[in-house]
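Okay, thanks for coming, everyone. I've got one structure to walk you through today, so let me put it on the screen.

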Amino acid sequence: MIKAMIDGVRNIFKTPVTIKYPLTPLKVEKNYRGLIKYNDKFCIFCDKCENVCPPGAILFVQDLDGGKKYNYNPYLCIYCSECVRECPKTKKALWQVEELSKPAIKEENINNSWFELEIKAKKSRIAYKKHKKSKKDN
Ligand code: SF4
Ligand code: SF4
């Protein structure tokens, strides 16, 4: 009882822990895990980032000529950083920003087409394997 009273009196003189967000900007802690960034110039297209991503927020669509197109869904991403840890070209091909930033794309614009993209990516790999095999056979 007495302890509670002392704590109560102490709290009167303490500054609030809460901040007036968004009027007061949030303090970003060191090693904050923000959006995933990608640069195809340094990517070796090993697919490791895609394979380790728990929610499937990275998808590569395969071209018949062997090229691949990277796709990232920031609204599926859980910001675990597994892709960055796994990437052999980390910090050049794939990295995570340490700042608060909004995705450039709107949620509905990417989420409404993500399921179709997953099917497209799967089909593109099957088509590529077939294409490679037919080239070998000829
Ligand atoms: S941070 Fe995690 S969830 Fe986000 S893309 Fe990388 S592996 Fe996937
Ligand atoms: S893990 Fe890195 S190098 Fe491999 S596909 Fe992903 S971004 Fe490219």
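Let's start at Pro 22, which sits in the loop between helix H1 (2-13) and E1. The peptide bond going from Tyr 21 into Pro 22 is cis, with omega near 5°.

Before I go on, the housekeeping: this is a predicted model, where local features need pLDDT of at least 70 and side-chain atom pairs count only at pLDDT 80 or more, while totals for chains, interfaces and linings use all residues. Residues are numbered from 1 along each chain as its sequence is written, chains are lettered from A and ligands numbered from 1 in the order in which they are written, and side-chain values use heavy atoms, with hydrogens and water left out.

Now, the ligands. Which residues surround ligand 2? Among them are Tyr 38, Cys 43, Phe 45, Cys 46, Asp 47, Cys 49 and Cys 87, where being near means having a heavy atom within 4 Å. By class, the shell around ligand 2 has 10 nonpolar, no polar and two charged residues. For that count, Ala, Val, Leu, Ile, Met, Phe, Trp, Tyr, Cys and Pro are nonpolar, Asp, Glu, Lys and Arg are charged, and the others, Gly among them, are polar.

The space that ligand 2 takes is the largest cavity. A cavity is a set of points, on a 1 Å grid over the protein atoms alone, where a 1.4 Å probe fits but cannot get out, and a molecule sits in one if more than half of its atoms lie within 2 Å of its grid points.

Let me stay in that shell for a moment. Asp 47 belongs to the loop between strand E1 (36-38) and helix H2 (48-52). Is Asp 47 buried or exposed? Asp 47 counts as buried because its relative accessibility is 13%, and the cut-offs are under 20% for buried, over 50% for exposed and partly exposed in between, with a 1.4 Å probe and protein chains only. Its side chain makes a polar contact of 2.9 Å with the side chain of Lys 68. That term means a pair of N or O atoms within 3.5 Å; within protein, one must be able to donate a hydrogen and the other to accept it, and residues adjacent in sequence count only if both atoms are side-chain atoms.

Phe 45 is in the loop between E1 and H2 too. Its phi is near 55°, which is positive in a residue other than glycine. At 29% relative accessibility, Phe 45 is partly exposed.

On to ligand 1, which takes up the second largest cavity. Of the 13 residues around it, the nearest are Cys 53, Cys 77, Cys 80, Ser 81 and Cys 83. The shell of ligand 1 divides into 11 nonpolar, one polar and one charged. Cys 77 is buried because its relative accessible area is 15%.

Tyr 79 lies in the loop between strand E3 (68-72) and helix H3 (82-86). Tyr 79 is not a glycine either, yet has a positive phi of about 55°.

Last stop, helix H4 (residues 107-137), where we find Ala 121. Ala 121 is buried at 2% relative accessibility. From Ala 121 to Glu 99 it's 22 residues in sequence and 30 Å in space, C-alpha to C-alpha.

How values were computed
1 Å grid on protein atoms, 1.4 Å probe; cavity = no way out; pocket = protein on both sides within 12 Å on 5 of 7 lines; lining within 4 Å. Helix = DSSP H or I, 4+ residues; strand = E, 2+ residues; numbered from the N terminus.
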